[in-house]
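Please look at the model shown here and follow the text through a helix contact, a pocket and some backbone details.

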Amino acid sequence: MSERKRVCIIGAGPCGMAALCHFSQAASDVRPEVVCYEKQATWGGLWNFTWLTGTDEFGEPCHGGQYKHLWSNGPKECLEFPDYTFDYHFRCPIPSFPPRAVLRDYLEGRWTNGDEDLRKYIKFTTVVRSVVYNDASQNFTVVSTDLQAGVSSTEVFTHVIVAVGIFNVPNKPNFDGIDKFEGRIMHSHDFRDAKEFKGQRLLVVGASYSAEDLALQCLKFGAKSVICTWRTKPMGFKWPIGIEERPLLQHLDNNTAYFKDGSSAEVDAILLCTGYRYAFPFLEDRLRLQSRLTMYPDNMYKATLWLGGGGGRLFYLGVEDQYFTFTMFETEALWCCRYIMGTISGEPKSEAEMRGDADKWVSRRNGLKSPNDDIDFQADFIADMSSAVGYNPEEQKVADMLHKWKRDKVVDIVSYRDKSFRSVFSGIEAPLLKHRWWKVFDDSKDAFLKNTE
(Lines give C-alpha, C1' and ligand atoms only; values in the text may rest on other atoms or scores of the structure.)
Protein backbone atom coordinates (compact mmCIF):
# COMPACT_ATOMS: atom_id res chain seq x y z
CA MET A 1 0.00 0.00 0.00
CA SER A 2 1.45 3.41 -0.95
CA GLU A 3 2.08 5.98 1.74
CA ARG A 4 -0.63 8.56 2.33
CA LYS A 5 1.14 11.89 1.86
CA ARG A 6 0.26 14.87 4.00
CA VAL A 7 2.01 18.16 3.23
CA CYS A 8 2.49 21.16 5.53
CA ILE A 9 3.10 24.52 3.81
CA ILE A 10 4.32 27.29 6.11
CA GLY A 11 3.43 30.69 4.67
CA ALA A 12 0.79 31.92 2.22
CA GLY A 13 2.87 34.49 0.35
CA PRO A 14 3.86 34.16 -3.32
CA CYS A 15 5.90 30.98 -2.70
CA GLY A 16 3.40 29.17 -0.51
CA MET A 17 0.49 30.16 -2.76
CA ALA A 18 2.37 28.91 -5.82
CA ALA A 19 2.68 25.51 -4.14
CA LEU A 20 -1.01 25.52 -3.21
CA CYS A 21 -1.98 26.38 -6.79
CA HIS A 22 0.01 23.47 -8.22
CA PHE A 23 -1.19 20.93 -5.68
CA SER A 24 -4.80 21.99 -6.34
CA GLN A 25 -4.33 21.43 -10.09
CA ALA A 26 -2.85 17.94 -9.69
CA ALA A 27 -4.74 14.77 -10.54
CA SER A 28 -6.73 13.41 -7.62
CA ASP A 29 -4.88 10.09 -7.60
CA VAL A 30 -1.53 11.75 -6.81
CA ARG A 31 -2.65 14.88 -4.95
CA PRO A 32 -1.69 14.82 -1.26
CA GLU A 33 -3.62 16.30 1.63
CA VAL A 34 -2.34 19.86 2.12
CA VAL A 35 -2.53 22.26 5.06
CA CYS A 36 -1.09 25.78 4.84
CA TYR A 37 -0.35 27.86 7.93
CA GLU A 38 -0.33 31.65 7.62
CA LYS A 39 0.13 33.93 10.60
CA GLN A 40 -1.44 36.95 8.89
CA ALA A 41 -5.20 37.28 8.46
CA THR A 42 -4.93 37.08 4.67
CA TRP A 43 -2.67 35.73 1.96
CA GLY A 44 -0.02 37.81 0.17
CA GLY A 45 2.88 37.66 2.62
CA LEU A 46 5.32 40.50 2.02
CA TRP A 47 2.95 42.19 -0.44
CA ASN A 48 0.50 43.14 2.30
CA PHE A 49 0.86 46.64 3.72
CA THR A 50 0.49 47.26 7.44
CA TRP A 51 1.12 50.36 9.51
CA LEU A 52 2.29 48.09 12.34
CA THR A 53 6.00 47.73 13.10
CA GLY A 54 7.83 45.69 15.69
CA THR A 55 5.02 43.41 16.85
CA ASP A 56 1.52 42.83 15.50
CA GLU A 57 -1.81 42.85 17.32
CA PHE A 58 -1.03 39.43 18.81
CA GLY A 59 2.45 40.35 20.02
CA GLU A 60 4.10 38.39 17.19
CA PRO A 61 6.98 39.89 15.19
CA CYS A 62 5.64 41.88 12.23
CA HIS A 63 6.22 39.97 9.01
CA GLY A 64 5.66 42.76 6.52
CA GLY A 65 8.14 45.41 5.47
CA GLN A 66 6.23 47.07 2.64
CA TYR A 67 5.79 50.83 2.64
CA LYS A 68 3.54 53.45 1.12
CA HIS A 69 4.46 54.58 -2.38
CA LEU A 70 6.49 51.45 -3.13
CA TRP A 71 6.67 50.85 -6.88
CA SER A 72 8.20 47.84 -8.57
CA ASN A 73 11.92 48.36 -9.06
CA GLY A 74 11.98 45.84 -11.92
CA PRO A 75 9.83 45.48 -15.05
CA LYS A 76 6.58 43.59 -14.46
CA GLU A 77 7.36 41.70 -17.69
CA CYS A 78 10.21 40.00 -15.80
CA LEU A 79 7.89 38.51 -13.19
CA GLU A 80 4.87 37.73 -15.38
CA PHE A 81 3.27 34.28 -15.23
CA PRO A 82 3.23 32.52 -18.63
CA ASP A 83 -0.34 31.32 -18.11
CA TYR A 84 -1.69 34.47 -16.46
CA THR A 85 -0.46 37.69 -18.04
CA PHE A 86 -0.91 41.23 -16.78
CA ASP A 87 -2.86 42.11 -19.93
CA TYR A 88 -5.29 39.27 -19.22
CA HIS A 89 -5.70 40.19 -15.56
CA PHE A 90 -6.32 43.93 -16.08
CA ARG A 91 -8.08 43.47 -19.45
CA CYS A 92 -5.77 46.10 -20.93
CA PRO A 93 -2.04 46.85 -21.22
CA ILE A 94 -0.51 48.69 -18.23
CA PRO A 95 2.90 50.37 -17.76
CA SER A 96 5.94 48.29 -16.91
CA PHE A 97 6.61 49.47 -13.34
CA PRO A 98 3.47 49.23 -11.18
CA PRO A 99 3.07 50.17 -7.51
CA ARG A 100 2.64 47.58 -4.75
CA ALA A 101 -1.17 47.56 -4.77
CA VAL A 102 -1.24 46.70 -8.49
CA LEU A 103 1.20 43.82 -8.09
CA ARG A 104 -0.74 42.43 -5.14
CA ASP A 105 -3.95 42.64 -7.15
CA TYR A 106 -2.28 40.69 -9.95
CA LEU A 107 -1.08 38.00 -7.54
CA GLU A 108 -4.50 37.62 -5.99
CA GLY A 109 -6.01 37.28 -9.46
CA ARG A 110 -3.63 34.43 -10.17
CA TRP A 111 -4.58 32.68 -6.92
CA THR A 112 -8.33 33.00 -7.53
CA ASN A 113 -8.22 32.07 -11.21
CA GLY A 114 -8.66 28.34 -10.70
CA ASP A 115 -11.69 26.20 -10.02
CA GLU A 116 -11.03 25.83 -6.29
CA ASP A 117 -11.09 28.37 -3.48
CA LEU A 118 -7.57 27.95 -2.14
CA ARG A 119 -8.51 29.62 1.13
CA LYS A 120 -10.00 26.33 2.31
CA TYR A 121 -6.48 24.90 2.62
CA ILE A 122 -5.17 27.81 4.71
CA LYS A 123 -5.28 28.26 8.48
CA PHE A 124 -5.07 32.04 8.78
CA THR A 125 -3.81 33.88 11.91
CA THR A 126 -2.01 30.66 12.80
CA VAL A 127 1.69 30.66 13.57
CA VAL A 128 3.92 27.58 13.45
CA ARG A 129 5.86 27.19 16.71
CA SER A 130 7.79 23.98 16.16
CA VAL A 131 8.74 21.51 13.42
CA VAL A 132 10.53 18.30 14.48
CA TYR A 133 11.43 15.35 12.29
CA ASN A 134 11.13 11.77 13.57
CA ASP A 135 13.66 9.51 11.84
CA ALA A 136 11.86 6.32 12.83
CA SER A 137 8.41 7.27 11.49
CA GLN A 138 9.78 9.58 8.76
CA ASN A 139 7.18 12.13 9.75
CA PHE A 140 7.22 15.73 10.95
CA THR A 141 5.46 16.87 14.11
CA VAL A 142 4.18 20.42 13.65
CA VAL A 143 2.98 22.52 16.58
CA SER A 144 0.99 25.65 15.75
CA THR A 145 -1.03 28.31 17.57
CA ASP A 146 -4.30 29.84 16.43
CA LEU A 147 -3.60 33.43 17.45
CA GLN A 148 -7.22 34.49 17.35
CA ALA A 149 -8.43 31.67 19.61
CA GLY A 150 -5.23 31.39 21.64
CA VAL A 151 -5.23 27.61 21.16
CA SER A 152 -2.27 25.42 20.18
CA SER A 153 -2.49 22.14 18.27
CA THR A 154 -0.20 19.38 17.02
CA GLU A 155 -0.38 17.67 13.64
CA VAL A 156 1.73 15.11 11.80
CA PHE A 157 2.90 15.48 8.19
CA THR A 158 5.00 13.45 5.77
CA HIS A 159 6.48 16.54 4.08
CA VAL A 160 7.08 20.19 4.99
CA ILE A 161 7.49 23.18 2.65
CA VAL A 162 8.98 26.29 4.27
CA ALA A 163 7.72 29.37 2.41
CA VAL A 164 8.03 32.17 4.96
CA GLY A 165 10.37 34.34 2.90
CA ILE A 166 13.76 35.81 3.77
CA PHE A 167 12.86 39.42 4.60
CA ASN A 168 11.59 38.92 8.14
CA VAL A 169 14.45 39.45 10.61
CA PRO A 170 16.45 42.66 10.06
CA ASN A 171 20.23 42.72 10.23
CA LYS A 172 21.14 45.66 12.48
CA PRO A 173 24.85 46.54 12.59
CA ASN A 174 26.31 48.59 15.42
CA PHE A 175 28.35 51.77 15.07
CA ASP A 176 30.29 53.59 17.75
CA GLY A 177 28.18 56.38 19.21
CA ILE A 178 24.89 55.24 17.68
CA ASP A 179 23.39 54.76 21.15
CA LYS A 180 23.78 58.50 21.78
CA PHE A 181 22.41 59.63 18.41
CA GLU A 182 19.66 62.18 19.04
CA GLY A 183 17.51 61.52 15.98
CA ARG A 184 15.35 58.72 14.60
CA ILE A 185 16.99 55.35 13.83
CA MET A 186 15.09 52.65 11.96
CA HIS A 187 15.73 49.60 9.82
CA SER A 188 14.12 49.58 6.38
CA HIS A 189 11.87 46.73 7.62
CA ASP A 190 10.05 49.32 9.76
CA PHE A 191 9.97 52.02 7.07
CA ARG A 192 6.38 52.91 6.19
CA ASP A 193 6.18 56.45 4.77
CA ALA A 194 8.84 58.66 3.21
CA LYS A 195 6.93 61.75 4.34
CA GLU A 196 8.25 61.12 7.84
CA PHE A 197 11.63 62.44 6.70
CA LYS A 198 10.42 65.60 4.99
CA GLY A 199 12.86 68.46 5.58
CA GLN A 200 15.42 66.18 7.24
CA ARG A 201 19.02 65.30 6.50
CA LEU A 202 18.93 61.53 6.13
CA LEU A 203 21.77 59.03 6.44
CA VAL A 204 21.09 55.75 4.61
CA VAL A 205 23.39 52.88 5.60
CA GLY A 206 23.66 50.33 2.78
CA ALA A 207 24.24 50.03 -0.95
CA SER A 208 21.65 47.62 -2.31
CA TYR A 209 18.06 47.76 -3.57
CA SER A 210 16.43 49.08 -0.40
CA ALA A 211 19.08 51.79 0.00
CA GLU A 212 18.67 52.81 -3.62
CA ASP A 213 14.88 52.92 -3.47
CA LEU A 214 14.45 54.56 -0.07
CA ALA A 215 17.01 57.26 -0.83
CA LEU A 216 15.00 58.18 -3.92
CA GLN A 217 11.66 57.88 -2.12
CA CYS A 218 12.71 60.16 0.71
CA LEU A 219 14.14 62.82 -1.60
CA LYS A 220 11.04 62.61 -3.78
CA PHE A 221 8.79 63.22 -0.78
CA GLY A 222 10.76 66.15 0.60
CA ALA A 223 13.87 65.07 2.48
CA LYS A 224 16.38 67.92 2.60
CA SER A 225 19.32 65.68 1.68
CA VAL A 226 20.38 62.02 1.65
CA ILE A 227 23.82 60.51 2.21
CA CYS A 228 24.20 56.82 1.31
CA THR A 229 27.14 55.16 3.02
CA TRP A 230 28.64 51.97 1.59
CA ARG A 231 30.88 49.19 2.92
CA THR A 232 32.14 47.30 -0.18
CA LYS A 233 31.49 49.63 -3.10
CA PRO A 234 29.18 52.54 -3.96
CA MET A 235 26.04 52.07 -6.01
CA GLY A 236 27.55 54.55 -8.46
CA PHE A 237 24.37 55.95 -10.00
CA LYS A 238 23.95 59.43 -11.45
CA TRP A 239 22.00 60.64 -8.46
CA PRO A 240 19.70 63.66 -8.55
CA ILE A 241 20.79 66.75 -6.64
CA GLY A 242 20.30 66.02 -2.97
CA ILE A 243 21.68 62.46 -2.89
CA GLU A 244 25.36 61.59 -2.51
CA GLU A 245 27.44 58.54 -1.55
CA ARG A 246 30.27 58.27 0.97
CA PRO A 247 32.42 55.39 2.27
CA LEU A 248 31.26 53.49 5.35
CA LEU A 249 30.11 55.27 8.48
CA GLN A 250 32.78 54.93 11.20
CA HIS A 251 31.19 56.53 14.24
CA LEU A 252 28.71 59.12 15.45
CA ASP A 253 29.12 62.02 17.84
CA ASN A 254 25.60 63.10 18.72
CA ASN A 255 24.21 64.13 15.30
CA THR A 256 27.56 64.27 13.49
CA ALA A 257 28.41 61.27 11.31
CA TYR A 258 32.06 60.50 10.53
CA PHE A 259 32.97 58.49 7.44
CA LYS A 260 35.91 56.32 6.35
CA ASP A 261 37.25 58.97 3.96
CA GLY A 262 37.65 61.41 6.85
CA SER A 263 34.60 63.51 5.99
CA SER A 264 31.74 64.28 8.32
CA ALA A 265 28.15 65.50 8.08
CA GLU A 266 25.29 66.53 10.32
CA VAL A 267 22.30 64.18 10.01
CA ASP A 268 18.82 64.17 11.51
CA ALA A 269 17.83 60.53 10.98
CA ILE A 270 19.45 57.18 10.17
CA LEU A 271 17.89 54.52 7.96
CA LEU A 272 19.54 51.09 8.11
CA CYS A 273 19.20 49.39 4.72
CA THR A 274 21.47 46.58 5.86
CA GLY A 275 19.59 43.49 4.80
CA TYR A 276 18.14 40.54 6.65
CA ARG A 277 19.15 37.38 8.45
CA TYR A 278 17.88 33.94 7.55
CA ALA A 279 15.57 33.05 10.42
CA PHE A 280 13.56 29.86 10.79
CA PRO A 281 13.26 29.61 14.60
CA PHE A 282 10.39 27.12 14.44
CA LEU A 283 12.62 24.44 12.85
CA GLU A 284 14.79 22.13 14.92
CA ASP A 285 18.51 22.81 14.46
CA ARG A 286 19.31 20.09 11.92
CA LEU A 287 16.45 21.24 9.68
CA ARG A 288 17.37 24.92 9.75
CA LEU A 289 19.00 26.67 6.80
CA GLN A 290 21.82 28.83 8.12
CA SER A 291 23.51 30.80 5.39
CA ARG A 292 24.30 34.24 4.10
CA LEU A 293 22.04 35.57 1.35
CA THR A 294 23.36 34.00 -1.82
CA MET A 295 22.38 33.02 -5.35
CA TYR A 296 22.39 29.34 -4.35
CA PRO A 297 22.38 28.27 -0.67
CA ASP A 298 24.65 25.47 0.50
CA ASN A 299 23.34 22.00 1.34
CA MET A 300 20.34 22.15 -0.98
CA TYR A 301 19.37 20.14 -4.05
CA LYS A 302 17.87 22.39 -6.72
CA ALA A 303 18.14 25.18 -4.11
CA THR A 304 14.91 23.70 -2.77
CA LEU A 305 15.32 20.25 -1.17
CA TRP A 306 17.19 20.38 2.16
CA LEU A 307 20.03 17.86 2.38
CA GLY A 308 20.91 18.42 6.04
CA GLY A 309 18.10 16.41 7.61
CA GLY A 310 14.44 15.57 7.33
CA GLY A 311 14.82 12.43 5.25
CA GLY A 312 14.61 14.25 1.92
CA ARG A 313 11.13 15.53 2.81
CA LEU A 314 11.85 19.13 3.81
CA PHE A 315 11.75 21.88 1.18
CA TYR A 316 12.47 25.61 1.13
CA LEU A 317 11.04 27.99 -1.47
CA GLY A 318 12.45 31.38 -2.48
CA VAL A 319 15.48 31.46 -0.18
CA GLU A 320 18.09 32.57 -2.70
CA ASP A 321 18.95 36.11 -3.78
CA GLN A 322 16.40 37.12 -6.39
CA TYR A 323 16.18 38.70 -9.81
CA PHE A 324 13.31 36.72 -11.36
CA THR A 325 11.03 36.51 -8.26
CA PHE A 326 7.48 35.38 -9.16
CA THR A 327 8.38 33.07 -12.03
CA MET A 328 11.29 31.59 -10.10
CA PHE A 329 9.00 30.94 -7.12
CA GLU A 330 6.50 29.36 -9.49
CA THR A 331 9.16 27.11 -11.02
CA GLU A 332 10.48 26.02 -7.64
CA ALA A 333 6.99 25.39 -6.30
CA LEU A 334 5.98 23.31 -9.32
CA TRP A 335 9.17 21.25 -9.09
CA CYS A 336 8.66 20.79 -5.35
CA CYS A 337 5.03 19.67 -5.74
CA ARG A 338 5.85 17.30 -8.57
CA TYR A 339 8.78 15.86 -6.60
CA ILE A 340 6.58 15.19 -3.57
CA MET A 341 3.90 13.58 -5.75
CA GLY A 342 6.51 11.44 -7.51
CA THR A 343 5.76 12.68 -11.01
CA ILE A 344 9.23 13.91 -12.11
CA SER A 345 11.06 11.48 -14.35
CA GLY A 346 14.37 10.34 -12.86
CA GLU A 347 13.58 11.53 -9.34
CA PRO A 348 14.33 10.95 -6.58
CA LYS A 349 18.05 10.62 -7.17
CA SER A 350 20.48 9.17 -4.66
CA GLU A 351 21.84 11.50 -2.00
CA ALA A 352 25.28 11.31 -3.60
CA GLU A 353 23.86 12.41 -6.96
CA MET A 354 21.94 15.24 -5.31
CA ARG A 355 25.01 16.50 -3.47
CA GLY A 356 27.05 16.29 -6.66
CA ASP A 357 24.45 18.37 -8.51
CA ALA A 358 24.30 20.92 -5.68
CA ASP A 359 28.11 21.17 -5.57
CA LYS A 360 28.20 22.08 -9.27
CA TRP A 361 25.81 24.99 -8.71
CA VAL A 362 27.66 26.16 -5.60
CA SER A 363 30.96 26.05 -7.47
CA ARG A 364 29.56 28.18 -10.26
CA ARG A 365 27.96 30.51 -7.70
CA ASN A 366 31.36 31.10 -6.12
CA GLY A 367 32.67 32.39 -9.44
CA LEU A 368 29.99 35.04 -9.98
CA LYS A 369 31.49 38.52 -10.24
CA SER A 370 28.73 40.92 -11.29
CA PRO A 371 24.95 41.44 -11.32
CA ASN A 372 24.90 40.40 -14.98
CA ASP A 373 26.61 37.13 -14.00
CA ASP A 374 23.95 36.69 -11.32
CA ILE A 375 21.14 37.19 -13.84
CA ASP A 376 22.55 34.62 -16.25
CA PHE A 377 23.16 32.18 -13.39
CA GLN A 378 19.57 32.47 -12.19
CA ALA A 379 18.20 32.11 -15.72
CA ASP A 380 20.16 28.87 -16.13
CA PHE A 381 18.96 27.65 -12.74
CA ILE A 382 15.33 28.27 -13.70
CA ALA A 383 15.88 26.57 -17.07
CA ASP A 384 17.31 23.52 -15.28
CA MET A 385 14.31 23.22 -12.96
CA SER A 386 11.62 24.09 -15.49
CA SER A 387 12.87 21.57 -18.04
CA ALA A 388 12.18 18.78 -15.55
CA VAL A 389 8.53 19.77 -15.12
CA GLY A 390 7.57 21.07 -18.57
CA TYR A 391 7.24 24.70 -17.50
CA ASN A 392 8.37 27.51 -19.81
CA PRO A 393 8.86 30.92 -18.19
CA GLU A 394 11.03 32.07 -21.14
CA GLU A 395 13.89 32.70 -18.74
CA GLN A 396 16.47 33.61 -21.40
CA LYS A 397 14.25 36.30 -22.91
CA VAL A 398 13.51 37.60 -19.42
CA ALA A 399 17.25 37.63 -18.66
CA ASP A 400 17.77 39.88 -21.70
CA MET A 401 15.18 42.29 -20.29
CA LEU A 402 16.88 42.26 -16.89
CA HIS A 403 20.20 43.14 -18.50
CA LYS A 404 18.53 46.08 -20.25
CA TRP A 405 16.89 47.13 -16.97
CA LYS A 406 20.30 47.22 -15.29
CA ARG A 407 21.65 49.40 -18.12
CA ASP A 408 18.66 51.76 -17.89
CA LYS A 409 19.36 52.33 -14.19
CA VAL A 410 22.98 53.22 -14.92
CA VAL A 411 21.86 55.76 -17.52
CA ASP A 412 19.32 57.44 -15.20
CA ILE A 413 18.31 56.10 -11.81
CA VAL A 414 15.38 58.53 -11.59
CA SER A 415 13.69 57.79 -14.93
CA TYR A 416 14.24 54.02 -15.41
CA ARG A 417 10.72 53.35 -14.11
CA ASP A 418 9.36 55.38 -17.02
CA LYS A 419 10.65 52.84 -19.56
CA SER A 420 8.48 50.38 -21.43
CA PHE A 421 9.00 46.63 -21.97
CA ARG A 422 7.24 44.05 -24.13
CA SER A 423 5.63 40.94 -22.66
CA VAL A 424 7.33 37.77 -23.86
CA PHE A 425 4.01 35.94 -23.49
CA SER A 426 1.37 38.28 -24.93
CA GLY A 427 3.76 40.15 -27.23
CA ILE A 428 2.18 43.46 -26.14
CA GLU A 429 4.36 46.50 -25.51
CA ALA A 430 3.52 48.24 -22.23
CA PRO A 431 2.21 51.81 -22.55
CA LEU A 432 4.14 54.69 -21.02
CA LEU A 433 3.15 56.59 -17.91
CA LYS A 434 1.30 59.82 -18.64
CA HIS A 435 2.96 61.48 -15.65
CA ARG A 436 6.48 60.30 -14.87
CA TRP A 437 7.24 58.31 -11.74
CA TRP A 438 9.22 61.12 -10.09
CA LYS A 439 6.15 63.38 -10.25
CA VAL A 440 3.51 60.83 -9.17
CA PHE A 441 2.52 60.85 -5.50
CA ASP A 442 -0.56 58.63 -5.54
CA ASP A 443 0.33 54.92 -5.59
CA SER A 444 -3.23 53.55 -5.59
CA LYS A 445 -4.32 51.05 -8.22
CA ASP A 446 -6.97 53.36 -9.63
CA ALA A 447 -4.58 56.30 -9.99
CA PHE A 448 -1.99 54.10 -11.68
CA LEU A 449 -4.43 52.63 -14.22
CA LYS A 450 -5.55 56.15 -15.14
CA ASN A 451 -1.96 57.38 -15.53
CA THR A 452 -1.44 55.67 -18.89
CA GLU A 453 -0.70 57.27 -22.24
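**Helix contact, pocket and backbone**

In this predicted model, helix α5 crosses helix α7 in a left-handed sense. The two helices, α5 and α7 (residues 371-389), pack with their axes 9 Å apart, at an angle of about 35°. On the α5 side, the contact is formed by M328, T331, E332, L334, W335 and R338. The α7 side contributes Q378, F381, I382, M385, S386, A388 and V389. Sorted by class, the residues of this α5–α7 contact are eight nonpolar, three polar and two charged.

Helix α5 also takes part in a pocket. The second largest pocket holds about 360 Å³ of space. Two or more residues of its lining come from each of β19 (305-306), α5 (326-341) and α6 (351-366). The lining of this pocket consists of 19 residues, and those nearest the pocket centre are G311, G312, R313, Y339 and M354. Eight nonpolar, six polar and five charged residues make up the lining of the second largest pocket.

Between α5 and α6 runs a loop that contains P348. The peptide bond that leads from E347 into P348 is cis, and its omega is near 0°. As a rule, most peptide bonds are trans, and most residues other than glycine have a negative phi.

T125 is not a glycine, yet its phi is positive, near 45°. T125 sits in the loop that joins β3 (122-123) to β4 (126-134). How accessible is T125, and does it count as buried or exposed? The relative accessibility of T125 is 11%, so T125 counts as buried, the cut-off for buried being under 20%.

N299 likewise is a residue other than glycine with a positive phi, here about 65°. N299 belongs to the loop between β17 (276-277) and β18 (300-301). The relative accessible area of N299 is 28%, so N299 is classed as partly exposed, a class that lies between the 20% limit for buried and the 50% limit for exposed.

To go over the backbone details once more on the model: the cis peptide bond is found from E347 to P348, and the positive phi values discussed here belong to T125 and N299. T125 is buried, whereas N299 is partly exposed.

Technical notes:
Residues numbered from 1 in each chain as written. Predicted model: local features only at pLDDT ≥ 70, side-chain atom pairs only at ≥ 80, totals over all residues. Heavy atoms only, no water. 1 Å grid on protein atoms, 1.4 Å probe; cavity = no way out; pocket = protein on both sides within 12 Å on 5 of 7 lines; lining within 4 Å. Points joined across faces, edges and corners; volume = space filled by probe spheres on them. Helix = DSSP H or I, 4+ residues; strand = E, 2+ residues; numbered from the N terminus. Nonpolar A, V, L, I, M, F, W, Y, C, P; charged D, E, K, R; others polar. Axes fitted to C-alpha atoms, helices over the stretch in contact; angles between N-to-C directions. Left-handed = near helix turned anticlockwise from the far one by under 90°. Contact = heavy atoms within 4.5 Å. Buried < 20%, exposed > 50% of the residue type's maximum accessible area, 1.4 Å probe, protein only.
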